[in-house]
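This briefing goes through a few local features of the structure shown below, grouped by topic. It is meant to be read alongside the sequence and the model.

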Amino acid sequence: MRARDPLAGDEHPPGTHPVQHMGPGHHAFLAYDDEAPGWDVLAAFVRAGLARGEKVIVFGPPRLTGAQVRPRLDEAPGTPATPGYERTQLELSSMRELILPARRFTADRQWRRIAEESEAARDDGYPGLRTYIDMGRVADLGAGLDMMTDRERRAGHPFTDGFSSEVCAHDRRRFPEAVLEAMYRAHPDNPLPGLGRLRCPHGGGAPRVVGEADTATYGQFARALARLLADPAPGPLTVDLLRTAFLGARAAAELAGLPGRAPAGRTVRIRCPRRHARLLRHLGADPAVLDVTE
């Protein structure tokens with residue numbers, strides 16, 4: 001049986017965001033179900049860390065060696081990761097290598113080694129450590145559901161100081177649905193499962209535009225605005241762009257013209273970062289409707 005996609009439909013946890021927005025303190029669940037283990041998400045996660053100057057360690061899928069992972073990262077669209085290898089800012093490893101000389105995985109052993117890597121990154125002057133762990137490697141080391149759940153239940157401590165971030169990736173074909181559900185609920189953050197995706201959950205009647213509002217996803221975006229305009233609830237019509245990784249010109253133009261389409265007596269409010277505010281103002285948005293944050 002194929003596991004339910006926790007990000008499908010209208011159910012979107014508060015921690016749903018594009019992977020480009022992941023930073024220190026984030027601990028995320030990612031599920032994939034094809035031969036490509038979220039390469040676009042992994043590449044974006046890695047490159048964001050390199051751009052921030054962080055130490056990046058990738059524990060890739062168990063069927064691939066580091067030598068096989070490297071060209072796939074380099075081939076993904078965007079800035080090549082090669083300079084990261086050359087200055088040892090980016091490392092490709094495995095869970096088996098991490099826990100050596102031990103042969104069997106335990107949560108305590110793994111967290112102790114991650115803590116050591118974090119301290120080493122601090123000592124080397126990095127502003128953060130980000131890790132991508134394909135959890136298929138953990139299963140290969142004899143960890144059952146109870147052990148994996150215990151790992152995530154006690155996972156809060158490495159992320160409380162705003163230095164470390166982590167993506168825990170799960171191949172849907174390797175794990176029962178119950179395991180994926182447990183892992184999903186154990187993580188506070190849930191990045192979208194691919195680049196170029198858009199989700200527009202209506203939390204409290206105000207849509208949050210999560211992901212990329214571009215030409216390919218414009219239909220979803222337009223439907224979210226139509227639903228907002230038809231909402232009879234009192235108060236301002238609010239759109240939240242704080243988790244929008246990309247805002248295309250067509251979607252931005254729709255937002256700029258939203259006050260003119262609002263029902264009589266309804267005001268419009270657009271929460272957005274400065275980069276989106278600049279585009280909206282350029283397209284004629286009234287600055288008074290923009291609630292700008294850093």
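This is a predicted model: local features need pLDDT of at least 70, side-chain atom pairs count only at pLDDT 80 or more; totals for chains, interfaces and linings use all residues.

**Cavity, helix and buried side chains**

The lining of the second largest cavity is made up of 5 nonpolar, 4 polar and 2 charged residues.

**Cavities**

- The residues that line the second largest cavity include Pro 18, Val 19 and Gln 20, together with Val 41, Leu 192, Arg 197 and Glu 212.
- Glycines also belong to this lining, among them Gly 194, Gly 196 and Gly 211.

**Helix α12**

- In helix α12, which spans residues 274–282, the buried residues are His 276, Ala 277 and Leu 280, and they lie on the same side of the helix because they cover an arc of only 100° around its axis.
- An α-helix has 3.6 residues a turn, so residues three or four places apart point the same way.
- Arg 278 and His 282 are exposed and sit on the face of α12 that is turned away from its buried side.
- The partners against which the buried residues of α12 pack are the strands β13 (244–247), β14 (268–273) and β15 (290–293), as well as α10 (249–256).
- After α12 comes Gly 284, which has a positive phi, near 100°.

**Ala 43**

- Leaving aside residues up to four places away in sequence, Ala 43 touches Leu 73 and Ala 76.
- Between Ala 43 and Val 19, which are 24 residues apart in sequence, the C-alpha to C-alpha distance is 9.9 Å; Val 19 is also one of the residues that line the second largest cavity.

**Arg 130**

- The side chain of Arg 130 makes a polar contact of 2.6 Å with the side chain of Glu 54, and a polar atom of the Arg 130 side chain lies 3.2 Å from the backbone oxygen of Met 22.
- Beyond residues up to four places away in sequence, Arg 130 touches a set of residues that includes Met 22, Gly 23, Phe 45, Ala 48, Arg 52, Glu 54, Lys 55, Ile 57 and Ser 165.

Note on methods. Residues are numbered from 1 along each chain as its sequence is written. Side-chain values use heavy atoms; hydrogens and water are left out. Buried means under 20% relative accessible area, exposed over 50%, partly exposed in between (1.4 Å probe, protein chains only). Helices (H or I, at least four residues) and strands (E, at least two) are DSSP runs, numbered from the N terminus. The arc is that of the directions from the helix axis to the C-beta atoms. Contact means heavy atoms within 4.5 Å. On a 1 Å grid over the protein atoms alone, a cavity is a set of points where a 1.4 Å probe fits but cannot get out, and a pocket is an open set with protein on both sides within 12 Å along at least five of seven lines; lining residues have an atom within 4 Å of a point. Ala, Val, Leu, Ile, Met, Phe, Trp, Tyr, Cys and Pro count as nonpolar, Asp, Glu, Lys and Arg as charged, and the others, Gly among them, as polar. A polar contact is a pair of N or O atoms within 3.5 Å; within protein, one must be able to donate a hydrogen and the other to accept it, and residues adjacent in sequence count only if both atoms are side-chain atoms.
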